[in-house]
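Please read them with the coordinates open.

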Amino acid sequence: MKKVWIFGLLLSLAGCSYPYEEDLTVLEADTQSALTALQGLYEEGIEADYADLERHASIARTKRFDSVHEPFFRNEFEVLKYHYRQTSRWFELQTHSEWEAQLIYGLEQVQALKHDAEKGLIAEEALRQALESEKNALLPLIAEVETSCAAMRELMAEHDSLDNHWQVMWDRWENPNL
């Protein structure tokens, strides 16, 4: 019976090579995921979409209100204004390079902490405190980046059809017979 208990204890210890291993691994993966989402957004062309929205917004600003075009002012311009405002906020809130730098720094901190924990170079209490500090710094940033990236992807999914729609609207604005 004593041998079974010792064997069970050894198995449970073997499954956890150092304290907070799972927490560190999850934080590292979540940080890497946010960094990948951020980089992917730029690879998918958010800057080009924003340039298109800026162009449409500048055209819309030149249009004077008249009763013939009232439906456009009430509907189309509101959609354009919403998309432009949301995308503008993305670029005003924080630049890609700032978010990327914060995520990379946080990832490096977590990896260094993980390394120190694996090698037994840090006491368990110090590890717990450092892990909590990294979580406090990274989790709000990760949530903000992932939420913002998801919102931008939603807007970008509609972009091509709206870009074409608005271009047709501008083409027909002066010449409704087109």
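1. A cavity here is a set of grid points where a 1.4 Å probe fits but cannot get out, and a residue counts as lining when one of its atoms is within 4 Å of such a point. The model is a predicted one, and with the rule applied to it the count comes to 1 cavity of 30 Å³ or more.

2. The largest cavity holds about 80 Å³ of space, and its lining is made up of Ile46, Asp49, Leu53, His83, Thr87, Met152, Leu155, Met156, His159, Leu162 and Trp166. By residue class, this lining divides into 7 nonpolar, 3 polar and 1 charged.

3. Which helices supply at least two residues each to the lining of the largest cavity? They are H3, helix H4 (70-93) and H6, and of the contributions to this lining that of H6 is the most, with 6 residues.

4. Turning to the helix contact, H3 (residues 46-61) packs against H6 (residues 124-174) at an angle of about 40°, with the two axes 10 Å apart. That angle makes H3 oblique to H6, and H3 passes H6 in a left-handed crossing.

5. On the H3 side, the contact involves Ile46, Asp49, Asp52, Leu53, Arg55, His56, Ile59 and Ala60, which meet Met152, Met156, His159, Asp163, Trp166, Gln167 and Trp170 of H6. The residues of this contact between H3 and H6 divide into 8 nonpolar, 3 polar and 4 charged.

Terms used. Residues are numbered from 1 along each chain as its sequence is written. This is a predicted model: local features need pLDDT of at least 70, side-chain atom pairs count only at pLDDT 80 or more; totals for chains, interfaces and linings use all residues. Side-chain values use heavy atoms; hydrogens and water are left out. Axes are lines fitted to C-alpha atoms, for helices over the stretch in contact, and angles run from 0 to 180 degrees between N-to-C directions. Helices (H or I, at least four residues) and strands (E, at least two) are DSSP runs, numbered from the N terminus. Angles under 35 degrees count as roughly parallel, over 145 as roughly antiparallel, 65 to 115 as roughly perpendicular and the rest as oblique. A crossing is left-handed if the near helix is turned anticlockwise from the far one by less than a right angle, and right-handed if clockwise. Contact means heavy atoms within 4.5 Å. Ala, Val, Leu, Ile, Met, Phe, Trp, Tyr, Cys and Pro count as nonpolar, Asp, Glu, Lys and Arg as charged, and the others, Gly among them, as polar. On a 1 Å grid over the protein atoms alone, a cavity is a set of points where a 1.4 Å probe fits but cannot get out, and a pocket is an open set with protein on both sides within 12 Å along at least five of seven lines; lining residues have an atom within 4 Å of a point. Grid points are joined across faces, edges and corners, and a volume is the space filled by probe spheres set on the points.
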